[in-house]
Amino acid sequence: MSGQYVHIKRKKYASGLVWQPMVAGFTTRAYAQKLANGIDRRLNLYVRYNEMVGLGARSNGLHSGMPSIAIEVINALPGYSSLLAAFKVEDKFVLVAVRNGVILQDLLFDDENAAREKYAELNEIPDWNATFAPAAWGIPRAVDRSIFDLISGRVHAVLRPVSRLASGMVSLILLAVFALMILYFFREPINKVFAPKPQISKINPELAEEYKRKIEEKDKELDAQFEIRQEPEYQPIEMPYDSLPDPYERADLCYRAIGFLMQQVIGWNQTVVECDKEYASATFRRSFGTLDDFYVIASDIMPGVFVQELNDDEILVRAKLPERVVSSSYDLRDIDTIVRELTSRFQSINLDASVVPVADVISNGFQSADVYFVGITVDTKLIPEQFIKIFEDFGGVYMTKVSWNATRKMWNYEVIIYAKQN
């Protein structure tokens, strides 16, 4: 076998993990280390699913940060507590068996006959909620599903190093790379700081005074000959609707940014994840984890983020959003028409929304201009790519903020629609 992983949508997923139930009194990492010492010391990676721990080895082609295919399959089929599933992935076969939420088998086969025999053996166990298998196998009542349709690409759990030393080495390497990058980008200011400075004591004081006097005389002569009045340079007013991102790209960007920060950190609970104009940020509240655990895991699964300790039990994580192409856009209807049509649209889909007309004034210091827009605030279960479709026939749409409340399991949206200027 070339490795215990499969490629799905250009991403590697770990398979063939050794699954064991958790035992009370241990942290996940400590228990994974205890299991590895008792089973096989080559099992140097772990992942947790509910009250189970899966172990894998780097020698089998796995690495830290790789998602588990078994967990992704289970999360893609949430309605079944007991399922038996087999999928063909290129020239391999993935087999996952779950019984009452407990992972019985997580296997990867290069040989189709071996995969089919193992499936038939497990299929003899009665009372599966659902069975999935390739149609060519001819398994009665088994549904043929493509794993490429099931796996969304949003990762729910990834492998972690069993040893803190390995995780610490990764953090140390990242820190060293970051330090080298800082030195590279700031090499010129640093060189200036350490460059030799002129020695004032070696300059002839009389020559320096004479030079200063001549400069002052020349300045006075020029002032007498010319009256130079520099008028302040005013930039034309930049209207906010002249630089709007595509609303669908903006919704997709915020959805992916929030997904990037919605990572499971053992011992820390998410509260709110938010995407604004330039940043996506998430707040984590401690349950039983430590700050050290958070930094080790965050550096692995959320590289490049800014981490701020709000207090001992609360942490803010922030990621910079990439730049997007902008263009000018506003709706050709007047503000009252937009309010009426939007209110009617939300009523038709039975969605409670705040739709408010706003008149604002912007200025650059010597000019001012009126700006008319409609402000919309909505709480809903709709994900961003579904919610933004409500405004598909409106111009000047800008989703100013998207937030996910992990406690309420609810999305909150703030949207602006710029109207035709009177």
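How do the residues of the lining of the largest pocket divide into nonpolar, polar and charged? The lining comprises 24 nonpolar, 13 polar and 9 charged residues; here Ala, Val, Leu, Ile, Met, Phe, Trp, Tyr, Cys and Pro count as nonpolar, Asp, Glu, Lys and Arg as charged, and the others, Gly among them, as polar. The model is predicted: local features need pLDDT of at least 70 and side-chain atom pairs pLDDT 80 or more, while totals for chains, interfaces and linings use all residues. Residues are numbered from 1 along each chain as its sequence is written, and side-chain values use heavy atoms, with hydrogens and water left out.

The volume of this pocket is about 1,600 Å³. A pocket is an open set of points on a 1 Å grid over the protein atoms alone where a 1.4 Å probe fits, with protein on both sides within 12 Å along at least five of seven lines; lining residues have an atom within 4 Å of a point. Of its 46 lining residues, Val 155, His 156, Met 262, Gln 263 and Gln 264 are the closest to the centre. Helix α8 supplies the largest share of the lining, 6 residues.

Arg 333 lies in the loop between β16 (326-327) and α10 (335-348), helices being DSSP runs of H or I with at least four residues and strands runs of E with at least two.

Note on methods:
Grid points are joined across faces, edges and corners, and a volume is the space filled by probe spheres set on the points.
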